Every structure is written in C-alpha cells, then in structure tokens.
Amino acid sequence: MRLLTVFLFYFTQGIPVGLFFYAIPAWLAANGASTAAVAGVVSASILPWTLKFFLGFIMDRYTYLPMGRRRIWIIGAQSTIVVMLILAAILSPGAKEIWLLSMLAFLVNSGTAFQDVSIDSLTVDIMPEDERGKAAGIMFGGQVLGISVFTFFGGQLIASYGPMAGYLTAAVFVASVVVFGVFIYEREGERRFPWSDGDAHPRNVHIQIKAWKPLLNNSWKAMLAPISLVALAIFCVRTMPSGIAEAYHPGLATNLGGWTQTSYTNTISAAQFASGIFALALGGRAVAKIGAQRAALIMCVLVSVCAFSFGFAHNHWSNVSLLTAYFWQIEFFATMLIVAFIPIAMRLCNPRVAATQFTLYMAASNVGRPLGSSIAATTDNMGVPYLMYFILASVFVVLSIVLWFVRFPTKAPDVVQIIEENDPIVDGEPAPKIN
C-alpha cells in the first residue's frame with residue numbers, strides 16, 4: 001500500500017507538468033503564438049517550483065496532526081490542482097490570452113509544487129529502510145510516466161477537441177487520486193476527516209515542531225553537518241549532464257547530425273519513457289539490492305567513461321548511431337542518478353525537519369542544470385564544444401572519488417533516539433510507536 005500510494009501520488013504529479021510544460025505550449029505554437037509568449041507560459045509554470053525551499057519550512061511548521069503530518073497538505077494541494085483545472089476549463093483562454101494562461105499555469109503548478117514537497121516528505125516519513133530503494137524508483141518512474149502519458153493524451157485531446165477537454169480530463173485524473181488520499185491513513189488511529197474519530201499518532205506528536213525558532217535551528221544544524229554538506233555538493237552537480245544535454249544536444253543533432261526537429265524530440269521522448277519504465281520496474285529494486293551509494297558510484301563512473309568517449313569521438317558526431325546511443329545513455333544516467341541519490345537524501349533527513357531538509361537536497365539538484373548549460377554555451381562559443389564533455393567527465397571522476405571514500409548512512413536515523421535527545425519522554429506519556 002505504501003508503494004502504491006507513492007506511485008499514484010507521483011504519477012498524478014506528472015499530469016499538470018505534462019499539460020503545462022508540453023501539451024499547452026505545443027498548442028500555443030500551433031496556433032501562432034510567438035516564442036516569447038510560449039516561454040511566458042512555461043516560465044509561469046516553472047516559477048512555483050523555485051519556491052519549494054520555503055514550502056518545506058511551512059509544511060514542517062504547520063499541519064493537522066489528527067489526520068497525519070503530510071496527508072492534509074496532500075489533499076489540499078491536489079484539491080487546489082483540481083479546482084484550478086476546472087477554472088481553466090470554464091475560462092478556456094485562447095492562444096492570444098497569454099496573461100490569463102500564465103496565471104492559470106502558475107496556480108495549477110503552485111498546487112503541484114505543494115504536492116511535490118508534501119509527497120517527498122510523506123515518503124521520508126512512512127518508508128521503512130528496506131523499501132526506500134524501491135520507493136526511489138517508483139517516485140521518479142511514476143512522475144516520468146505521468147508526464148509522458150499526459151503529454152501524449154493531453155496533446156491528442158487538445159488537438160482534437162480543444163484545451164477545455166485537456167483541462168477537464170486532467171482534473172478527472174487528479175480528482176480520482178484525491179479520493180484515494182482521503183480514504184487512506186498515514187498511521188493507525190488517525191482521522192480520515194477532521195470530524196471523524198481518531199487522534200494524532202504519538203510519534204508525530206513528539207517530533208512535531210511547534211515554533212519557528214526550533215524549526216530553523218534544527219534545519220540549520222541538519223544542513224551544516226559535514227556529511228550533509230558533502231551531499232549538498234554532490235547534489236549541486238548531479239544534473240550537469242541534463243543541463244549540457246538541454247542546451248547543446250538540440251543544436252548538435254539538427255546542425256551537425258542533420259536530424260529533423262521531430263527526429264530529435266522523438267528520440268529524447270522515447271529515451272525518457274524507457275528510462276522511466278526501467279526505474280519503475282527494475283531501477284529501484286536494483287538500487288535496493290546493491291546499495292544506494294554503490295549504485296551512485298557505478299552511475300558516476302559510467303557517466304565519466306561515456307562523456308570522455310563521446311568527447312574523443314567528436315570527429316564522428318555526425319554519425320546517427322553514435323548520437324542516438326549517447327542521447328539514450330544520458331537520459332538513462334540522469335534517471336538512475338536520482339533513483340540512487342534519493343535513498344541517500346532520505347537517510348540524511350532528521351524526521352523533525354524532513355520536509356525542509358529533503359526539499360533543500362532536491363533544490364540543490366537544480367543547480368547542476370544551469371551550470372551545465374553555462375559550460376555548454378561557453379565551450380561552444382570558444383569553438384571547442386568537445387571540451388564540455390571532458391569537463392563533465394572530470395567532475396564525475398571527482399564525484400566517484402568522493403563516493404568511494406565518504407561513507408553515507410546506510411539506514412535512516414533512529415527516530416526514537418532523535419526524539420529522546422531533543423524532547424525527552426516524560427514518565428506516564430506514551431512512547432513513540434514507529435510503523
């Protein structure tokens with residue numbers, strides 16, 4: 001049930017992303033909208049995701065414990081998505097009403113960003129150690145599948161019946177999972193509805209922080225621990241391969257490789273979909289079997305080898321087979337790197353500030369994309385584009401060395417010990433009961 005819950009929530013999370021990052025922009029372009037107009041809608045969709053850092057603090061500070069630490073936030077976030085999608089269907093802005101489309105994109109993705117942080121936090125809270133590797137594959141694989149499925153079906157619906165059909169269909173998908181969220185419990189004895197019978201679980205009562213000062217202090221201490229700083233540095237460069245790929249590979253394929261635009265996008269879409277399926281079906285299990293840190297080390301070594309090889313093969317970049325193979329490799333490695341690093345991030349999280357700490361790790365992962373894009377732009381302007389792959393390979397050699405010598409936790413911190421250290425149990429009060 002835990003793994004099914006994670007999959008459904010992450011799959012649902014991919015639906016608004018597929019709609020507003022891919023299907024709606026494609027509809028706008030097909031109806032004569034300028035590149036700037038399309039970029040405006042996409043930018044409005046992205047903006048709430050940049051605020052995830054603050055959302056973690058809010059969720060760790062405020063909740064309704066009788067219904068669980070995260071569930072009330074998930075239900076609220078998903079309900080917001082449904083309401084905003086229905087509003088979008090009612091208003092049905094045209095391709096020239098960019099400001100209204102941008103506002104709706106921002107509101108829908110605000111709910112989606114809240115859902116993302118709350119589900120990340122729920123996963124940290126409820127997953128026992130032996131399920132965290134599987135959960136990592138399901139988290140990312142489910143989201144990729146949600147994006148892929150609704151990019152395809154949303155695009156087809158909008159092309160055939162107009163945007164209203166896309167908005168309403170997305171609302172129905174999300175609403176079905178809202179119902180699922182309403183009828184499950186985080187922990188035994190909690191309430192299904194605010195008016196139902198039930199009480200807050202003792203574990204949640206003891207770790208809940210009820211003031212801003214201890215929340216900030218606990219977050220500060222957790223993030224400044226030496227092992228946490230090393231993890232942050234790794235996460236900051238983890239997405240460099242994606243940043244280079246997004247900035248340079250479209251031009252590489254079309255200008256040097258002679259591909260059409262659709263040939264490139266079809267190749268990338270197929271690689272993403274296949275990588276998502278692999279992560280969902282096998283990737284998480286493989287990481288759980290061989291260990292998250294060992295899996296991350298293997299992926300970093302493979303990224304280095306492939307990047308060095310591709311850089312040395314720059315005289316053959318017009319070869320279709322070489323480009324196809326490398327594009328598929330990058331998508332696969334990008335997927336499996338996050339699957340491997342998610343369990344490590346979970347184990348580093350203090351349960352008291354899990355939403356804040358995990359969100360900071362995930363936010364740090366976004367740094368690598370613009371860094372990779374900058375390296376790609378600089379080396380290409382210098383006339384030595386193959387240099388970007390040597391830089392990428394060198395960075396991942398360093399990561400491999402770090403992962404070889406630094407020992408990250410192999411299990412989650414002892415919640416009971418943390419509670420007793422920071423909030424001693426009083427005689428006569430119930431001790432935390434861990435699922």
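**Notes on the helices, cores and ring pairs**

1. Let's start with helix H4, whose buried residues are Arg-71, Ile-74, Ile-75, Ala-77, Gln-78, Ile-81, Val-82, Met-84, Leu-85, Ala-88 and Ala-89. Buried means under 20% relative accessible area, exposed over 50%, and partly exposed in between (1.4 Å probe, protein chains only). Helices (H or I, at least four residues) and strands (E, at least two) are DSSP runs, numbered from the N terminus.

2. A word on the basis of these notes: this is a predicted model, in which local features need pLDDT of at least 70 and side-chain atom pairs count only at pLDDT 80 or more, while totals for chains, interfaces and linings use all residues. Residues are numbered from 1 along each chain as its sequence is written, and side-chain values use heavy atoms, with hydrogens and water left out.

3. Back to H4, residues 71-91: its 21 residues should span 30 Å at 1.5 Å a residue, and the end C-alpha atoms are 30 Å apart, which agrees. The expected span is 1.5 Å times one less than the number of residues. Ser-92 follows H4 and has a positive phi, near 40°.

4. Now the chain as a whole. It has 18 helices and zero strands, and 53% of its 435 residues count as buried. Among contacts (heavy atoms within 4.5 Å) with a separation of 6 or more, 83% come from residues 24 or more positions apart. The accessible surface is about 18800 Å², with 67% of it belonging to carbon and sulfur atoms; areas come from the Shrake-Rupley method with a 1.4 Å probe, and for residues only the protein chains shown count as cover.

5. Which residues have the most contacts inside the largest nonpolar core? They are Tyr-326, Phe-327, Tyr-361 and Tyr-389, in a core of 73 residues. Helix H14 (residues 320-348) gives the largest share of this core, 16 residues. Apart from it lies another core, of 35 residues, including Val-82 and Ile-158. A nonpolar core here is a set of buried Ala, Val, Leu, Ile, Met, Phe, Trp, Tyr and Cys residues joined through side-chain atoms within 4.5 Å.

6. Two residues of H14 are worth a look. Ala-334 lies in this helix and is buried, at 17% relative accessible area; beyond its neighbours within four places in sequence, Ala-334 is in contact with Arg-238 and Ser-242. Thr-335 is also found in H14 and is buried at 6%. Leaving aside neighbours within four places, Thr-335 is in contact with Phe-140, Ser-275 and Ala-279.

7. The structure holds 16 aromatic pairs. Rings of Phe, Tyr and Trp (its six-membered ring) pair if their centres lie within 6.5 Å; planes under 30 degrees apart count as stacked, over 60 as edge-to-face and the rest as tilted. Phe-308 and Phe-312 have ring centres 6.5 Å apart and planes at 25°, so this pair is stacked. Phe-308 is partly exposed at 28%, whereas Phe-312 is exposed at 61%. Phe-310 and Tyr-326 also form a stacked pair, 4.1 Å centre to centre with 5° between the planes. That pair links distant parts of the chain, with Phe-310 in helix H13 and Tyr-326 in helix H14, 16 residues apart. Both Phe-310 and Tyr-326 are buried.

8. Finally, the cysteines. A search of the whole structure finds zero disulfides (pairs of cysteine sulfur atoms within 2.5 Å). Cys-300 is buried at 0% relative accessible area, whereas Cys-236 is partly exposed at 23%.
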